[in-house]
Amino acid sequence: MKTTGKVTGIIANLVTVEVDGPVAQNEICFIDLNGVKMMAEVIKVNGNKASVQVFESTRGLQIGDKVEFQGYMLEATLGPGLLSSNFDGLQNNLATMEGVFLKRGEYTKPLDEDKLWDFTPIAKVGQQVIAADWLGEVKEGWLPHKIMMPFSFNGSYVVKSIAPAGQYKITDTIAVLTNPDGEDVNVTMTQKWPVKVAVGGYVEKPRPFKVMETGVRTIDTLNPIAEGGTGFIPGPFGCGKTVLQHALAEQADADIIIMAACGERANEVVEIFTEFPELKDKHTGRSLMERTIIICNTSNMPVAAREASVYTAMTLGEYYRAMGMKVLLLADSTSRWAQALREMSNRLEELPGQDGFPVDLSAIISNFYARAGYVKLNNGQSGSITFIGTVSPAGGNLKEPVTESTKKAARCFYGLSQNRADKKRYPAVDPVDSYSKYLEYPEIIEYLDSKIEKGWVDKVTKTKYIIRRGKDAYEQINILGDDGVPMSYHEQYWKSELIDFVILQQDAFDDIDGCSPLERQKFMLDLVLGICDRSFKFDNFEQCTTYFKGLINICRQMNYSEYQSEQFNKYLNQLKEELNHE
Amino acid sequence: MSEKAFQRIYTKLTAITKATVTLEAQGVTNDELALVAGRLAQVVKIKDNAVTLQVFGGTEDIPTNAEVTFFGEPPSLNVSDDLAGRFFNAYGEPIDGGPAVEGEKRQIGGPSVNPYKRRQPSQLIPTGIAGIDLNNTLVSGQKIPFFADPDQPYNQVMSMVALRADVDKIILGGMGLTNDDYLFFKNQFESAGALNKIISFVNTTDQPPVERLLIPDMALTAAEYFAVDKNEKVLVLLTDMTLYADALSIVSNRMDQIPSKDSMPGSLYSDLAKIYEKAVQLPDGGSITIIAVTTLNDGDITHAIPDNTGYITEGQLFLRADPDSGKVIVDPFRSLSRLKQLVQNKKTREDHSAVMNTSVRLYADAANAKTKLENGFDLSDYDLRCLDYAKEYATRLLAIDVNIPIEEMLDTAWELFGKYFTKAETGLKEKLIEKYWKA
């Protein structure tokens, strides 16, 4: 018997329900508004009163309206067909919804249940299997999509029968397993999992030891992110968070990209699903959309579903990770999610923490970031989720609860600077404040030694030193004046400008400069550091300025040219000439 | 709003604040309208039998035995083609002496467009103002505010942009407009001979502030009628959104909600997003473009209102007085149109984005030179050239009184590059320099 209840209070999307039976924290219920069933989630229970957050507008709701509790938490539906989909925060398929406007209480199935998939068995009859073990495989486009033993099964099961190779729908039984109690259980190609619970199904989570290439120089060269690592991008509005995220989604060396548009602009999502089908994955040549899943809960969609959207995205990521995939999860923006938490906490009249955010904000954020990572699967293979979230600090001030809490949880910090954005120095990632903790990992240093060249990290450290030194010199010049400082200050400043213009700045909208492979990044860094290693003799600071501007101009032309092309080499020779007759 | 038969009438208020009243009532639905002592009010909270209403007209003079009548439905607007050319108050009642509008009754503040059904905005909206067209190109379906101090001529610029834009309907949502500004808009629209494509919803400063909360939804419900039902291109002007947000904070404050930054309600972001996100390019050709005004306190964009706005809108146009040229300019550093790359170089000449970036970068160099000058240092030859360039750039391109086609803006910029700089100093791609450089 399902627990039912009646509405006793309404403030915006927080509804109080008097219940007639047991309810669980985070349990899902449906509120009946003149026949329209609206989904809601229990967020607090007090006596026989449950407070629920409704994932829809509560307009027209009244005291006494009926509520039916479901006995399960908010779940994601997992199975073949997730790729290339556009879901809302509750995993409704936006493409199959009718009408231009979102209708209240309209929920659509995440997966196509009629589609036939080519199934090939992997597990053998009699084999012992545990949760997340691979039973079979279907081709989801290019991707070998593993059909796994459901994550929710506890203990060791025995494969009693498995379907032969052939075409099946996701709801067809593809295996019968015998559970530890000797009962037979049917397994289909789809399973459900509560989004707020981390998916297990792996043996261990080692420290990340590989670098994920993104084609963005200021990340790969200066502060690389590890495969299975975490990072965050805080920045005031207008500093290029979105452009940077899109560049990562387009270029990162991952099998699957999951983008959670959480409380952001709808037009940005439109941009993704207009452009991604046309764009090619630079690593495989396939359409970008084929490796992308969009979870879209834009700022005007119900606030409560915003919170759900990041969890839904993470759960889909964990599902693909368990298949041995390299997943990149991008969430834009985690601040909107935190604000959704604040709105609810506020309506629940909880005692507020800093800036009105709930006191457990920091714990919630750390918990979420902890679900990313590189894992070793039961069968010895590996998979990973690399997570990068953006943060939108109020007033651009990084001393606010969301940024501070995230800083504790994420290992890479890509701080966007208003000052750089004002000067149109994009990407506006601040080279001095930003960091990647992974550069301190011996595993990563070793990896870069073998992947790029021995001693690479020392070069990176040196580059950062030159940038910092240049910044100091610039401040001195500003205080003492061009003539008030020794010539070497100008030289130091301009060397850092050379790095800024040639390495840090990158034109995301340029076909060639937009994506810079590691090999090319190494070439350019060596070139630029080579110039920085020289000492020059200038008669006056204006000569220094003009000279370096000339060098910068040539290097930028190189950045705009096809790597190693005739044009590229023409500029390279021009640069060498310039350096020789200095 | 006429009264209907069988309405529930109550006469016992249990609590009154400056913006809300509370009473015991049954069968009340969330968001529905009511009349409290003849003033319109809306249900904002229900707890058991206690119903809290926000009274749009303010609660001054309301007694505890005031008559409360519930309507059983949320606020609505009658929509039809007859809306065109009319002026309304916050409740959608005519204030121009004309008859009430007949038409389909639609609830305001309706649902959102399915993001998957949207189309990517791609139509340029030329304004003739180079600070906008050259540096911050507008696109139909975009939402963008002017950030301006109260002494800037933002309403003038906005009406100029509206009248130059090629759209089917212009809908004005005026919140806390002074009577003078209201008459200014009316006069502008009349003298442009554009009245028949304009619809206005106006709350002036002499009317109660809480009424303003209805204005954006009224304006956008009308906009959706023309954009969705009639496939028209609609431009919505919202001024001043800061006063709208102030009204939000008044209500939340009276409801004892815990304020977040700058005593604004914690839901400010969502509240503003619900309005701005109505901007849309629809699949059948209709579109809603929103140009708003957010007034600032001494240029402070870190205040919660402009800050939240900036995260929601697709850029912002920042007006400021430029002492060097003596003109009001569209600040190229703080202004941004996020959708500009959808039209630049595609709907405009191939050199557009490169010229834009370079001219702004050189303007930034001029700002550095100015700092040096102010600190009493000698300026280099390059610094001096930058300063001269900046003055001419501000006068000929950034000033809001510029009105030229985009090609001419680009040519002017090339002319300035050639006049003050060497080719290498501009850092432009050689391909473009070969084609456009003016010695």
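Into which domains is chain A divided? In this predicted model, chain A comprises domain 1 (4-73), domain 2 (117-189), domain 3 (202-438) and domain 4 (456-580).

Domain 3 and domain 4 of chain A were examined as a pair. Their C-alpha centres lie 31 Å apart. Contacts link 17 residues of domain 3 of chain A with 19 residues of domain 4 of chain A. On the domain 3 side, two or more residues each come from helix H1 (217-222) and helix H2 (241-251) of chain A. H1(A) gives the most to this side, with five residues. By residue class, the domain 3 side of chain A divides into eight nonpolar, four polar and five charged residues.

The contact between the two chains was treated in the same way. Here, 61 residues of chain A are in contact with 59 residues of chain B. Four elements of chain A give two or more residues to the side that touches chain B: strand S1 (4-11), helix H3 (266-275), helix H5 (334-347) and helix H13 (541-559). H13(A) gives the most, with seven residues. The chain A side that touches chain B holds 21 nonpolar, 24 polar and 16 charged residues.

Strand pairing also connects the chains. S1(A) runs antiparallel to strand S5 (residues 39-47) of chain B. Three bridges join S1(A) and S5(B). In this pairing, A:Gly9 stands opposite B:Lys47 of S5(B).

Definitions and conventions. Residues numbered from 1 in each chain as written. Chains lettered and ligands numbered in written order. Predicted model: local features only at pLDDT ≥ 70, side-chain atom pairs only at ≥ 80, totals over all residues. Domains from an automatic or database assignment. Contact = placed C-beta atoms within 7 Å. Nonpolar A, V, L, I, M, F, W, Y, C, P; charged D, E, K, R; others polar. Pairing = 2+ DSSP bridges.
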